[in-house]
Amino acid sequence: MTIELRPYQRRALEMLYAWFEKNATGHPVLNMPGGSGKSVVIASLAKDALQNWPDTRILMLVHSKELILQNADKLRKLWPDAPLGIYSASVGQRNFGNPITYAGIGSVAKRAKQLGHIDLCIIDEVHAVSTAESGIYRKLIAELLGMNPAMRIVGLSASPYRLGHGMITEGPTAIFSEILEPVGIEELVFKQHLVPLRSKLTTHRLETDGLHKRQGEYIASEMDAKFNTAGHNQSVVAEIIDKASNRAHWLIFCSGVAHSEAVAECLREAGIAAESLDATHNKTERERKLADFESGKLRALCNVGILTTGYDFPALDCIAFLRATASPGLYLQMAVRGMRPSPGKTDCLVLDFAGVVGTHGPITSVTPPRKQGDGNGEAPVKVCDACDELCPISAKVCPACGHPFPEPEAKKLKLCSDDIMGLDGTEMVLTGWKWREHTSLASGKMMLAVSYYGRLSDPAVTEYFPVLHEGYPGQKAMKELIKIADQAKIVGMNVDNLSSLAAQLSCGKPPIQIKYKKDGKFFRVLKKEWE
């Protein structure tokens, strides 16, 4: 079976090659959603590099056996004669000396000299790489760069940020230079490369009140002790059975090993074939339980600490969150397990008992974690969801646009059927738009704002673009603005003068229609459509 690249996968490669043409140094990251086929992009990148420069030596690094095998399988399908060697103890292969080496980081972390001269290092699930100069990835990279300072690194991730560190491009010791975004979840769902998630209101709740955090995440032992009670488990299991009665494969994320085992036992007592899987199980047990789950012998598989990355089972049609997380990256990784298409599958049901969706919002608009204080005396900040303004952590409303920040208890919002996707909204046919400068009351910085107008009875929907802000908010706003300007047929944007730019954009071709969603007193624009 051969592989034909999808348009957005070709777009990813084109963006990557264009970035290298403009940047003689530095290392980019491709931000691509789970299920978008990152392994195909990796395979095509390796093939292009080796066929254009035959002496190239390529190293692909990742942290799990499953991802090594998936990536290797895609390379062989794309390029059957690829000179590929695998070095991974868990896979059972230790091959050095091939032009292309796919390796597990744990197996090669101390084998830089055996790897030798590497020209291109590709890292899948690159959010595992520390922004600080520590950890096994960073130590190996430092040794490889010592042997070849010209080595280029390409990272790929669906969530290019780390809890407590912010974006992986941030900080004085970060090795990655820029994040490229060739495709989003919305496009993949629209083109049916992914199926949507559907969430249902859960009656029973696993509350996080009283739980403490360590390094930004809930302490697992406390969460396990609080959530793993007979009353909780019986109520949760009864509700899963009721709401997922028409679903064939239930993947349940639990808070700890004891919790996972107890929920599996509770399911069995209720007549549901179920098992528990965690890191204490050996290779044989793990493979047997996964095979039983995927064949249908088991209907439910409870797990903790695994099956969040690299697990690819398209027929999965129900996910239950029985654990909380403060990590938006972990939330995304768990949720997208259910989005891969499969014959007869139209969506995946998500039952969120722990308020994870309420904490992080729809998967189409997750806010990356901010960097923890570095001791430089700067006040901690939070980002306004409406306009991306950086605001004091104590602010109750955004001083730039007036958008109210939720009270702490707002994180316990109950879900409607569309909350986890955030793709449903109100459509409005436009009669025009108006761009203007907008001044941030908090920082004094200027930003752009656009108001979209429909019929007389329609509201004026305003969207903000903090293009002069530093870091991720500014980069994100500028990328979106460039897309809009291209569709609006604007040539030669004057980005140094916001007043002139606003006038240019106001004269441009507006969308014929937008889709928006009410967010408190303000609006979030979900989609813009041009002819």
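Predicted model: local features only at pLDDT ≥ 70, side-chain atom pairs only at ≥ 80, totals over all residues.
Buried here means under 20% relative accessible area, exposed over 50%, and partly exposed anything in between, with a 1.4 Å probe and protein chains only. Residues are numbered from 1 along each chain as its sequence is written, and side-chain values use heavy atoms, leaving out hydrogens and water. Helices (H or I, at least four residues) and strands (E, at least two) are DSSP runs, numbered from the N terminus.

**Around Ser 451**

- Ser 451 sits in strand E23, residues 446–453.
- Leaving aside residues up to four places away in sequence, Ser 451 touches Gly 432, Trp 433, Lys 434, Arg 436, Val 461 and Thr 462; contact means heavy atoms within 4.5 Å.
- Trp 433 is 18 residues from Ser 451 in sequence, yet the two C-alpha atoms are 5.6 Å apart in space.

- The arc is taken from the directions between the helix axis and the C-beta atoms.
- As background, an α-helix has 3.6 residues a turn, so residues three or four places apart point the same way.

- H1 (residues 7–22) packs on H2 at about 50 degrees, with the axes 10 Å apart. Axes are lines fitted to C-alpha atoms, for helices over the stretch in contact, and angles run from 0 to 180 degrees between N-to-C directions.
- That makes H1 oblique to H2; under 35 degrees would count as roughly parallel, over 145 as roughly antiparallel, 65 to 115 as roughly perpendicular, and the rest is oblique.
- H1 passes H2 in a right-handed crossing, meaning that the near helix is turned clockwise from the far one by less than a right angle.
- On the H1 side the contact uses Gln 9, Leu 13, Leu 16 and Tyr 17, and on the H2 side Val 40, Val 41, Ser 44, Leu 45 and Asp 48.
- The H2 and H3 axes come within 8 Å and cross at roughly 55 degrees, also with right-handed geometry.
- Here Ser 39, Val 40, Ile 42, Ala 43, Ser 44 and Lys 47 of H2 meet Gln 70, Asn 71, Lys 74, Leu 75 and Leu 78 of H3.

**Helix H10**

- The buried residues of H10 are His 259, Ser 260, Val 263, Ala 264, Cys 266 and Leu 267.
- They fall within an arc of 160 degrees seen down the axis, so they line one face of H10.
- Just after H10, Gly 271 takes a positive phi of about 90 degrees.

**Positive phi in loops**

- Gln 192, though not a glycine, has a positive phi of about 65 degrees, and is exposed at 66% relative accessible area.
- Lys 489 lies in the loop between H14 (471–487) and H15 (498–506) and has a positive phi of about 65 degrees.
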